[in-house]
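Please look over the sequence and the fold shown here before reading the report that follows.

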Amino acid sequence: MKPLKVCIITPQYGHLWSGVGTYATHLVNGLAELGNEMTVICPEASDRRRHPKVKISEMKGLKIKPTLGNWIILAYYFNKSLKKVLEKESMDIVHFVDARDSLFCRTRSIPVIGTMHDYYFSEAPGDPFAYRKYYSDWLKRWGFCNVTRVLEKRAVRKLSFIITNSDYVLKSIATNYCAAEDSMKTIYIGIEKTDLTNSPTGKTERLKGNPSILFVGQNFQRKGLPVLIEAVASVRRTYPDVSLSVIGRYGNNKEEEMRDLSKGLGIERNVHFLGWKDNEEVRMLFNQVDIFAMPSFIEGFGLVFLEAMNAGVPVIGGDTGGVPELIQDGVNGFLVKPGDWQGLSERIQRLAKDKDLRDGFVRRGYQTLEKFSLDSMVEKTNAVYWSLRN
C-alpha cells in the first residue's frame, strides 16, 4: 500500500510541555512508524523526541509563545506556512492537532482534519457574571471565551473531519457548533504503559507530607486549584502534616493569588509551589506522592490522570467533561463535583487512612490504561486518513 503524505500542524512537536504537545509528538512519530511520509509545521521542534524520518517546517522568526491566548495569531501564521509547504509538495492529508488553528485554512482539494481537545469555548456562558464566582479575571475571560467561540465555530466548519479526545467533547461540538456527527469520531489519547513491577514503588525519596498531594496544571483557576487549597485547609485539621505540591507555569496562573489564599487559610507552610517541570520531572514526582488531585471545573480529557495511574498513584478528578470517561468514581479513583471542597476534603481523608482503598485504586487505575494505548490512537487516526482518501 502506497504511504500517505501527511502534513501535521501543531504548536508543539518533540516537546511534552502539555497534553497537546504530548499528543502531537506521539501521533506524528507513530504515524511515521507506520510508513507514512510525515511533514510537521510548528513554531519550534525539539530534537529530543523527533522521529528521524519526519520532515520539519519550522516557523522561524515567530516570536510568540504557542499558548492558548495567542491561538489566533498562530492560526494565521500556520496557514501562511501551510501555503508555502503545499507550493513545494502535494499532500494527501492536512491535520491540525488543535482544530481551532484551521481558522484561516483555505485548502479545498485536500481533506483537512482537526482534533478538538476541549469544550471551553463551545460551552462558554454568554453571561459575564457566570465567570465571576470562580475567576478573578472574569471579565477578560468572558470576552476572550465568547470571541473565541464565534471564531472556533468558523474554524470547525472548514474541516473535512473532526477527531475528538472524548465522547463528551464530541457531543458538545456537535450540539453547539452544529457539526455533523457522521464526520466526527472520538479517538482517545494514548499513553505508553510502564511496567509497575519495575517502578520505584518503595518511593525512597518522598515529598514531605502525610498525606502528600500533587497538583499539575497550567491554568490554576480552571483546573480547580483554589478548591483544592480549600480542601487541604480542611484536611489539615485531621492531618496537620498534609502537603500540597503545585506544578504549573506562573505567567498566567495567578500564583500570587493562590499564595494569598493559602496564607489566608493559615496553610502557607503546607502548600509548595514547585514551578514548571518537564514531563520526566513530573513522572518522578508522581513516584514521591500519595495522591494526585485536579478537581477541574472544565476538562475535555485529562491525560495527566492517565499519567498518574501509570505511575501507580490514586487519583481524584472533577466530575466534568470527559473525566468520567477515564475515572469511574469509587472504582479506579474519585470524582468530585466542581467547587465541592468539602467533598474533596472527605475523599482525600478516606484515601489517607485506607491503604486497601488506595491499593485498589492503583490496581484498577493501571488496568484502565489498556483502553488508552498509543498503538490504538495511531492506528485509528491512520484509518480515518484512509477513509477520507477512498
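The buried residues of α5 pack against β8 (212-216), β9 (243-247), α6 (255-264), β10 (271-275), β11 (291-294) and α9 (341-353), where contact means heavy atoms within 4.5 Å. This is a predicted model, in which local features need pLDDT of at least 70 and side-chain atom pairs count only at pLDDT 80 or more, while totals for chains, interfaces and linings use all residues. Residues are numbered from 1 along each chain as its sequence is written, and side-chain values use heavy atoms, with hydrogens and water left out.

Buried means under 20% relative accessible area, exposed means over 50%, and partly exposed lies in between (1.4 Å probe, protein chains only). Helices are DSSP runs (H or I, at least four residues), as are strands (E, at least two), numbered from the N terminus. The table sets out two helices by these terms.

| Helix | Residues | Buried |
|---|---|---|
| α5 | residues 225-235 | ten of the eleven residues |
| α8 | residues 303-310 | eight of the eight residues |

Because ten of its eleven residues are buried, α5 is largely enclosed by the rest of the structure. What covers the buried residues of α8 includes α1 (19-33), β8, α7 (279-286), β11, β12 (315-318) and α10 (355-368), and α8 is followed by G312, whose phi is positive, near 80 degrees.

Helix α2 (residues 71-88) holds K83, which is exposed, with a relative accessible area of 55%. Y77 also has its place in helix α2, and at 33% relative accessibility Y77 counts as partly exposed.
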